[in-house]
Amino acid sequence: MPIKGLDDLSKKLGQLADNAKDLGNTTSAPATDILTPEFIAQHTKFSDLAELLQAGGFDVASFQAIPQEKLDGFISSVSSFGSWQEMINSAGVAWAKRKLGF
């Protein structure tokens, strides 16, 4: 939406400030909010996080027990990311942009 004048700019900046404040109050977000189906589909051949993890043979219930090197190897083989953390970081940036209204 184009900004037409100072009033519009002021409203847009106010909205951005409100969104930033809300984002600053967020201490965590579910992985499914960050790793959206759109993000997964854009960066892998899978349609969502569940399909991605299933393809890797990972049990979501025991996700914390998955060896990091195994997860990193799988992610680097199915995406342009070199590791799970790289993928999370990129998804986090996209999530923050959405939250800020970009």
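Tutor: A residue is called buried when its relative accessible area is under 20%, and exposed when that area is over 50%. Please keep in mind that this is a predicted model.

Student: Why is Ser83 called buried?

Tutor: The relative accessibility of Ser83 is 15%. The cut-off for buried is under 20%, so Ser83 counts as buried. Ser83 is placed in the loop between α5 and α6.

Student: Which residues is Ser83 in contact with, leaving aside its neighbours within four places in sequence?

Tutor: With those neighbours left aside, Ser83 is in contact with Asp72 and Ile75. Both Asp72 and Ile75 are buried residues of α5.

Student: What makes Lys45 exposed?

Tutor: Lys45 has a relative accessible area of 70%. Exposed requires over 50%, and therefore Lys45 is exposed. Lys45 lies in the loop between α3 and α4. The C-alpha atom of Lys45 is separated by 8.1 Å from that of Ser79, a residue 34 residues apart from Lys45 along the chain.

Student: How do you know whether Leu49 is buried or exposed?

Tutor: Leu49, which is found in helix α4, has a relative accessibility of 11%. Since buried means under 20%, Leu49 counts as buried. Leaving aside its neighbours within four places in sequence, Leu49 is in contact with Ala31, Thr32, Leu35, Ile40 and Trp84. As for Leu35, its C-alpha lies 6.6 Å from that of Leu49, and the two are 14 residues apart in sequence.

Student: Why are the buried residues of α5 said to line one face of the helix?

Tutor: The buried residues in α5 are Leu71, Asp72, Phe74, Ile75 and Val78. Viewed down the axis of α5, they fall within an arc of 165°, so they line one face. The face turned away from that buried side carries the exposed residues Glu69 and Ser77. The cover over the buried residues of α5 includes α3, α4 and α6.

Note on methods: Residues are numbered from 1 along each chain as its sequence is written. This is a predicted model: local features need pLDDT of at least 70, side-chain atom pairs count only at pLDDT 80 or more; totals for chains, interfaces and linings use all residues. Side-chain values use heavy atoms; hydrogens and water are left out. Helices (H or I, at least four residues) and strands (E, at least two) are DSSP runs, numbered from the N terminus. Buried means under 20% relative accessible area, exposed over 50%, partly exposed in between (1.4 Å probe, protein chains only). Contact means heavy atoms within 4.5 Å. The arc is that of the directions from the helix axis to the C-beta atoms.
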